[in-house]
Number of protein chains: 2
Amino acid sequence: MTLDERTRMLQAQGLQDKLGDAPHAKAAVRLELRLLTCTHLIEQRLGALFRETFETTLARFDFLAALDRKGELSLGEVSRLLMVSNGNVTGLANRLRQDRLIEDAPGRGDRRAQYVRLSTNGARQFKKMATAHEGWVEAMFAELSEEDREDLMRLLDRAKHSLRRETNGEDRS
Amino acid sequence: MTLDERTRMLQAQGLQDKLGDAPHAKAAVRLELRLLTCTHLIEQRLGALFRETFETTLARFDFLAALDRKGELSLGEVSRLLMVSNGNVTGLANRLRQDRLIEDAPGRGDRRAQYVRLSTNGARQFKKMATAHEGWVEAMFAELSEEDREDLMRLLDRAKHSLRRETNGEDRS
DNA sequence: CCTATATATTTTATACTTAAAGCATTCCGA
DNA sequence: TCGGAATGCTTTAAGTATAAAATATATAGG
């Protein structure tokens, strides 16, 4: 059973997700659970679509998107942009290199650094994926009005700042 | 370097996350990226706190929370509540059983099903974790006013319904 | 009763992710 | 210039997650 089917069942049965009946939880916790559930739904859906359509994953797409936007990056820069560990980036880069979607961008002085960029084919593949991705995401948020989207964006921005402050300690430089 | 340190650096350098400068992306995509970034920050922060404080993980906490709320569940029910695959649940259950945090709840007829519940120790441990978790999450959303939280909750609710509809196809029963 | 089908879980193979330890290179201060 | 600290990356071990196939049990129809 795939997760799409699983979600279908969930609704069919009238079962709730983990947030479903947590009416006694504090407001912040309910907010957290709701946020995680939404992200979970998005990631599972996009993951399935990327797999079925392009035989790839969200992690790979994010890596390629970073290169598409920035042109050429060291693995450390990718790690910081995607906010994932350096070891993770090493593995992803190896697999993407294997698939000839990225290639080495030879030396810029620092011999420790590992610079990579999209290959010609990688850029072509990415463009297709990005177009599809945009359509998929648009469909997912189809029920939200323009105003809802703006409000949600603004509130998530506030949430992000709150989260970053807490995450980074109190050094509000 | 841990991810907390990584995030610190990101801010120190003035680098943006993957959303940072995607001003040309469509509204829905920017919304998606913002949502994923927020969840990412929450999960990494909570993950670090759970690891440092209780030597455990968010996935285990979620599993225990489901049992705490429902009392006794089959693995399939856990799988549906947490919206993760059944194979994943099998592995988590094995590890939690190994640590004596959950125990088998012997047969209720169906010999295919694997019912589990919190052990006495598991319930005790969970209570401690839940208390800490609540405080951590509260701190993370500290900057949001009561009104912001309500607005965000309402909008996420709308988003969730939009996502579910899209995910489940058009069967609006 | 028997058989086909559905359900519940486990197994397998693979990918993603992390923390921590290790290696190589660069940088910086004495 | 020399030596230690910082930086960039890779490796390692473990956990998390999935899809798909396999196994075991239950259920329903004939």
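Which residue is the bridge partner of B:S74 in β3(B)? Keep that one in mind until the sheet of chain B comes up. What you have above is a predicted model, where local features need pLDDT of at least 70, side-chain atom pairs count only at pLDDT 80 or more, and totals for chains, interfaces and linings use all residues. Residues are numbered from 1 along each chain as its sequence is written, while chains are lettered from A and ligands numbered from 1 in the order in which they are written.

**View 1. Chain A from end to end.** Chain A has seven helices and three strands; here helices (H or I, at least four residues) and strands (E, at least two) are DSSP runs, numbered from the N terminus. Of its 173 residues, 30% count as buried. Buried is when 20 or more other C-beta atoms lie within 10 Å of a residue's own, exposed is 12 or fewer, and partly exposed is in between, with C-beta atoms placed from the backbone. Take the contacts in chain A with a separation of 6 or more: residues 24 or more positions apart account for 40% of them. A contact here is two C-beta atoms, placed from the backbone, that lie within 7 Å.

View 2. For chain A the mean is 87, and 83% of the residues reach 70 or more. Residues 8-14 of chain A are another story: pLDDT stays under 50 there, and the model has seven contacts beyond four places in sequence for this stretch. Where pLDDT is low, the predicted coordinates should not be read in detail.

**View 3. The sheet of chain A.** Three strands make an open, antiparallel sheet in the order β1-β3-β2. β1 (73-74) and β2 (102-104) of chain A stand at the edges with a single partner strand each, so one side of each has no neighbour in the sheet. Strands count as paired if DSSP finds at least two bridges between them. β2(A) and β3 (residues 115-118) of chain A are joined by three bridges and run antiparallel. Look for A:D104, which stands opposite A:V116 in β3(A).

**View 4. The sheet of chain B.** Chain B also has an open sheet of three strands, in the order β1-β3-β2 with antiparallel pairing. Its edge strands are β1 and β2, each pairing on one side only. β1 (residues 73-74) meets β3 (residues 115-118) over two antiparallel bridges, and here is the partner from the opening: B:S74 bridges to B:Y115. β2 (residues 102-104) of chain B and β3(B) pair over three antiparallel bridges. Among them, B:E103 goes with B:R117, and B:D104 goes with B:V116.

View 5. α3(A) has 13 residues and spans 18 Å from its first C-alpha to its last, close to the 18 Å expected at 1.5 Å a residue (the expected span is 1.5 Å times one less than the number of residues). Its buried residues include A:F61, A:F63, A:L64 and A:L67. After the helix comes A:G71, with a positive phi near 90°. A:E55 isn't a glycine, yet its phi is positive too, about 55°. You'll find A:E55 in the loop between α2 and α3 of chain A, exposed, with 9 other C-beta atoms within 10 Å. In the loop between α4 and α5 of chain A sits A:M83, another non-glycine with positive phi, near 60°. A:M83 is partly exposed, with 18 C-beta neighbours inside 10 Å.

**View 6. Around DNA strand D.** Near means that the C-beta atom, placed from the backbone, lies within 6 Å. The largest share of the surface near DNA strand D, five residues, comes from α5(B). That surface has eight nonpolar, 13 polar and six charged residues. Ala, Val, Leu, Ile, Met, Phe, Trp, Tyr, Cys and Pro count as nonpolar, Asp, Glu, Lys and Arg as charged, and the others, Gly among them, as polar.

**View 7. Around DNA strand C.** Of the 25 residues here, A:A59, A:G87, B:S74, B:G76 and B:G87 come nearest. The largest share of the surface near DNA strand C, five residues, comes from α5(A).

Key: pLDDT is the predictor's confidence in each residue, from 0 to 100.
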